Amino acid sequence: MSVPAGHPVAPLLRVEDVVVEYPRKGLPPMRALAGVGLEIAPGEVVGIVGESGCGKSTLARAITGLAPVRGGSVTFDGTPVGAMGRRRRDPGLLPLQMVFQDPNASLNPRRTIGAQIQEVVVARERAQGAGRGRRDPETAREAADALRRVGLPEGAADKYPHEFSGGQRQRAAIARALASHPRMIVADEPVSALDASAQAAVANLLRDLSREEGIALAFISHDLAVVGALADRVVVMYLGRIVETATVEEIWNAPRHPYTRALLAAVPVPDGSGSRPEALAGEVPDPGSPPPGCRFHPRCPLAVDRCRTDEPVLLRAPGAASESEVACWVAQAAEPASAGV
Ligand code: ADP
Ligand code: MG
């Protein structure tokens, strides 16, 4: 999203230096997020990308109050998001909704889609102190409207989740989220379980809803191609840390972190000749005991001595756009190289 100079938009979501640790029996805790900071403006579409295990889902859970946060803070529109969300959520957090990889995670198999959406509408009204009841025709009308907005056919309201295809079921889960009148949706791998045609359609639906209704969107995927096609800004994670954040143009045209370049090199080229040579060697280390210095150095083709001892922090790189930052000693010292190096 472009923000006019001199008129910064206050962030809707503010994540500051968040640390998340999962307890492990007989082992030190698994530090899945090791100090992550992120701001998302109203209506902004942010793609969050990184290999499996880098902490994307943990970040989604921290944002929505479902992770064991050990340090730092998360605020949504000024409301602190609790450390553990098992207890009743603050009604102020209703406009922060999550969409999961598996739509069944948010749908009840034994109730029709229409009934489930009406339930959310009624809960929202109640949280806002309004008294519209389940039998109010306006409630049913609103549920039908939510289903129409996600592109489900007339009659979808009377169907059960199992009667839909995977793509339709994810649309229904999105319609349920819309019934809360969200100002932000955190979508964790929302298309990863869908077949190829449904993937693009559901990703585009989320982006269009965000654009048309000004809903901020954090779209999480392990696939940079998916994220790059729809985001304004991309956040690249590695082993529980953010290693680069940049506009989508910069990610495609002037990626700075060697890890971002490796992810980019793995994106299949459109002419169908397969992906470019795989640039990323080695295994992802255990985030519970990350390498010293830069976490990426054992796999990095550019590592210098300093990378083995000192951990870099996110800083604006030379020549980068104002909102772009990279955590890499080499990139912070160098002019940007072109993609595909
Ligand atoms: P991603 O979504 O990027 O694949 P996750 O956030 O799911 O990554 O996981 C980050 C790290 O935390 C991984 O090493 C994973 O094994 C670990 N992890 C995730 N959930 C738990 C949990 N409940 N208990 C212990 N470790 C966990
Ligand atoms: Mg995940």
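In this predicted model, the cover over the buried residues of helix H8 includes strand E3 (45-49), helix H6 (224-228), strand E9 (233-238), strand E10 (241-247) and helix H7 (248-253), where contact means heavy atoms within 4.5 Å, and helices (H or I, at least four residues) and strands (E, at least two) are DSSP runs numbered from the N terminus. Because eight of the eight residues of H8 (residues 258-265) are buried, this helix is largely enclosed by the rest of the structure; buried denotes under 20% relative accessible area, exposed over 50%, and partly exposed the range in between, with a 1.4 Å probe and protein chains only. The buried residues of H8 are Pro258, Tyr259, Thr260, Arg261, Ala262, Leu263, Leu264 and Ala265.

Residues are numbered from 1 along each chain as its sequence is written, and chains are lettered from A and ligands numbered from 1 in the order in which they are written. Local features need pLDDT of at least 70, side-chain atom pairs count only at pLDDT 80 or more, totals for chains, interfaces and linings use all residues, and side-chain values use heavy atoms, with hydrogens and water left out.

Serine 210 lies in helix H5 (residues 196-213) and is buried, with a relative accessible area of 3%. A polar atom of the serine 210 side chain lies 2.6 Å from the backbone oxygen of isoleucine 215, a polar contact being a pair of N or O atoms within 3.5 Å, of which, within protein, one must be able to donate a hydrogen and the other to accept it, while residues adjacent in sequence count only if both atoms are side-chain atoms. Residues up to four places away in sequence not being counted, serine 210 touches Gly43, Val45, Ile215 and Leu217.

Around ligand 1 there are 13 residues, of which Gly53, Gly55, Lys56, Ser57 and Thr58 come nearest, a residue being near if one of its heavy atoms lies within 4 Å. Oxygen atoms of ligand 1 are found 3.3 Å from a polar backbone atom of cysteine 54, 3.1 Å from a polar backbone atom of glycine 55, and 2.8 Å from an N or O atom in the side chain of lysine 56. Strand E2 (27-40) and helix H1 (56-63) are the elements that give two or more residues to this shell, and H1 gives the most, with four residues.

Strand E2 also belongs to an open sheet of four strands in the order E2-E1-E4-E5, with antiparallel pairing.

How values were computed
Two strands pair if DSSP finds at least two bridges between them.
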